[in-house]
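These are my notebook entries on one protein model. I record what I looked up, entry by entry.

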Amino acid sequence: MLEETRKAKLIDLIKEKGEITVNELSRVLGVTGTTIRKDLSDLENLGMVVRTHGGALLPSHTKVEWSFIQKSQQHVEEKYAIAKKALEFVKPGDSIILDSGTTTLAMAREIKRMKLFPLTIVTNNFFIATELVGTGIDLIVLGGVVRENSFSLIGAFAEENIKKIYADKSFVGATGFSKDGFMTPNINEAKIKSLMISQSSESFVIVDSSKFERPSFSIYATFDQIDHVITDWKVPDEDKSILANAGLDLIVAQKEEKNDSQR
């Protein structure tokens, strides 16, 4: 079993039990107590669990933050390379939509760092809104129901609000990929992503290459609904061919070379 798969199952077991011992985790997952203790130490450092004497439990905020925090610490180099490439298509004065995702969060941080103003930005993610508030950007946060797993705003209220605007560009992330389109695990997230694409003149799916390795649950956009796909240098050749055959504009962000002062 892969380490990340084991840790995900470990979290699920703690969620199910509330509190669980190292011995029980070792027995259920079929690994040594030493391995479990190392996993728990790693997860505690990320704020995902609280160690107890002989076991672990979830902190009170984990239900809300686990998924988003976990994703934000994966494939960081690739996400920021994609974010920087995406911003080559944004110019001062644009109105843009940033959906709820960790690559769009990287975009928000780069916008702030680069002082890429003036801009109008519409988002349905609290982390992105927090990053951009007070920067001088015209920031519009969609209302709606908070999805605790990702701190995104979804549901009928958010959907009605996005229908009232029309932006120059939309930047939307993905959790999975299939030969039929880009995917996300939540139906309500899929609906708001689809509307964000339709409510913009030009649409970009920004997705790191790991998402090409697996499908998700719900397709939010077929290839003919998307203008551009921005990914990183690790994208598999097979998936490049699928996108090219679909007529999509595939933009590949390259790995940044570090100079001597950065090493």
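**Entry 1. Salt bridges**

I began with the charged side chains of this predicted model. I find 20 salt bridges in the structure.

I looked at Arg109 and Glu131, whose side chains meet in a salt bridge at 3.4 Å, N to O. I note that this pair links distant parts of the chain, with Arg109 in helix H6 (residues 102-114) and Glu131 in helix H7 (residues 126-132), 22 residues apart. I list Arg109 as partly exposed, since its relative accessible area is 35%.

I then turned to Lys191, which forms a salt bridge with Glu159, the closest N and O atoms being 3.6 Å apart. Here too I see distant parts of the chain linked: Lys191 lies in helix H9 (residues 187-198) and Glu159 in helix H8 (residues 156-162), 32 residues apart. I asked of Glu159: is it buried or exposed? With a relative accessible area of 9%, Glu159 is buried, because the cut-off for buried is under 20%.

I record Lys163 as partly exposed at 45% relative accessibility, and Glu160 as partly exposed at 43%.

**Entry 2. Helix H1**

I took up helix H1 (residues 3-17), which has 15 residues. From its first C-alpha to its last it reaches 21 Å, close to the 21 Å expected at 1.5 Å a residue. Which residues of H1 are buried? I list Arg6, Lys7, Leu10, Ile11, Leu13 and Ile14. Viewed down the axis of H1, these buried residues fall within an arc of 160°, so they line one face of the helix. After H1 comes Gly18, with a positive phi near 90°.

**Entry 3. Helix H3**

I examined helix H3 (residues 33-45) in the same manner. H3 has 13 residues and reaches 18 Å from first C-alpha to last, close to the 18 Å expected at 1.5 Å a residue. I list its buried residues as Gly33, Ile36, Asp39, Leu40 and Leu43. They cover an arc of only 120° around the axis, which puts them on the same side of H3. I asked which exposed residues are carried by the face turned away from that buried side. They are Thr34 and Asn45. Just after H3, I find Gly47 with a positive phi of about 80°.

**Entry 4. The seven-stranded sheet**

I traced an open sheet of seven strands in the order E6-E5-E4-E9-E12-E14-E15, with parallel pairing. Why is one side of each of strand E6 (138-141) and strand E15 (249-253) left without a neighbour in the sheet? Both stand at the edges, each with a single partner strand, so one side of each has no neighbour. I record an average twist of 20° from one strand to the next.

I then asked which helices pack on this sheet. Helix H5 (residues 76-86) touches E9, E12, E14 and E15, and its direction makes about 145° with that of E14. H6 lies across strand E4 (95-98), strand E5 (120-123), E9 and E12, running at about 140° to E4. H6 is also the helix that holds Arg109.

**Entry 5. Strand E12**

I closed with strand E12 (residues 200-206). How many of its seven residues are buried? I find five, so E12 is largely enclosed by the rest of the structure.

I checked the pairing of E12 on each side. Strand E9 (residues 167-172) runs parallel to E12 and is joined to it by five bridges; Ser170 stands opposite Ser203 in E12. With strand E14 (residues 228-232), E12 pairs in the parallel sense over three bridges. In E14, I find Val229 as the bridge partner of Val205, and His228 as the bridge partner of Phe204.

Methods
Residues are numbered from 1 along each chain as its sequence is written. This is a predicted model: local features need pLDDT of at least 70, side-chain atom pairs count only at pLDDT 80 or more; totals for chains, interfaces and linings use all residues. Side-chain values use heavy atoms; hydrogens and water are left out. Buried means under 20% relative accessible area, exposed over 50%, partly exposed in between (1.4 Å probe, protein chains only). Helices (H or I, at least four residues) and strands (E, at least two) are DSSP runs, numbered from the N terminus. Two strands pair if DSSP finds at least two bridges between them. A salt bridge is a side-chain nitrogen of Lys or Arg within 4 Å of a carboxyl oxygen of Asp or Glu. The expected span of a helix is 1.5 Å times one less than its number of residues. The arc is that of the directions from the helix axis to the C-beta atoms. Axes are lines fitted to C-alpha atoms, for helices over the stretch in contact, and angles run from 0 to 180 degrees between N-to-C directions. Contact means heavy atoms within 4.5 Å.
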